[in-house]
Amino acid sequence: MNTTRSGHPALTRPDGTPLRVLVVDDDPDLAEVLTGALRYEGWEVRDAGDGASAVTAARDLAPDAVVLDVMLPDTDGFAVLRRLREVTPDVCVLFLTARDAVEDRIAGITAGGDDYVTKPFSLEEVVARLRGLLRRAGMARRPHEGPLLVVGDLVMDEDAREVTRAGELIELSPTEFELLRFLMCNPRRVLSKAQILDRVWSYDFGGRAHVVELYISYLRKKVDAGREPMIHTVRGAGYVLKPVTR
């Protein structure tokens with residue numbers, strides 16, 4: 001598998017071209033550091049210092065993701081996001097802010113943001129969160145992956161973002177899809193909650209491993225409902241996906 005210079009598995013757009021990211025921040029030093037870190041991932045990156053420039057750059061670049069500062073000299077990031085959605089409706093948005101109030105976080109998510117990072121932050125965290133957002137949105141894939149994953153009668157078409165079991169279509173949310181994908185890439189292997197958090201959510205949830213239990217329960221209701229179970233709990237160790245043996 002191809003890797004970036006940072007050691008991560010390389011992510012590209014589904015057609016194999018570099019992912020496109022727009023960085024919007026009025027601090028030129030911070031913008032330079034962020035764009036450098038993202039280019040290190042092999043991505044195509046542009047930057048803008050204000051809201052008007054961001055919208056112009058988005059029209060030109062058609063980004064897959066935007067790293068967007070909440071406080072900009074000509075407007076706020078929430079207003080910019082509304083205009084960006086008009087240009088690229090499906091773009092993933094990661095907000096940056098110096099404020100840590102709960103109200104700000106709620107405002108960012110309500111405005112349509114996908115995630116939120118509070119300054120100061122590590123570059124590794126920003127990259128990890130972007131990778132997770134892009135994967136879950138179906139905008140990124142690793143090079144040379146085949147489009148089909150098959151475990152027993154469970155089939156995942158990664159290109160079509162479809163999952164079937166015994167030919168029956170299963171509707172999954174983006175996060176459920178990514179979690180199942182990780183399980184299907186590692187059949188018969190016990191995966192710990194920490195491994196799942198790192199792979200599916202791409203950053204530390206501060207010990208909130210209950211999110212894994214919650215999404216495993218969601219998957220069971222959709223994948224195993226009325227059928228022989230494929231998703232198993234290994235007490236004290238984690239979870240494993242196994243084909244049904246007859």
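**Notebook: salt bridges, a patch and a hairpin**

I began with R85, which comes out partly exposed because its relative accessibility is 22%. I kept in mind that this is a predicted model.

Next I looked up the partner of R85: it forms a salt bridge with D114, and the closest N and O atoms are 3.7 Å apart. R85 sits in helix α3 (residues 77-87) and D114 in the loop between α4 (102-110) and β5 (115-118), so this pair ties together parts 29 residues apart in sequence. D114 is partly exposed too, at 38% relative accessibility.

How many salt bridges does a search of the whole structure find? I got 15.

I then checked E178 and R199, whose side chains meet in a salt bridge at 2.5 Å, N to O. This pair links distant parts of the chain, with E178 in helix α6 (residues 174-185) and R199 in helix α7 (residues 193-201), 21 residues apart. Buried or exposed? E178 is buried, with a relative accessible area of 2%, and R199 is buried at 12%.

I also noted a network of salt bridges linking D25, D69 and K119.

On to strand β2 (residues 44-48), where I found D47.

Last, I followed β10 (residues 231-234) and β11 (residues 238-241), which run antiparallel and are joined by four bridges. T233 has Y239 in β11 as its bridge partner. The two strands form a hairpin with three residues between them, and G236 in the turn has a positive phi of about 80°.

Technical notes:
Residues numbered from 1 in each chain as written. Predicted model: local features only at pLDDT ≥ 70, side-chain atom pairs only at ≥ 80, totals over all residues. Heavy atoms only, no water. Pairing = 2+ DSSP bridges. Salt bridge = Lys/Arg side-chain N within 4 Å of Asp/Glu carboxyl O. Buried < 20%, exposed > 50% of the residue type's maximum accessible area, 1.4 Å probe, protein only.
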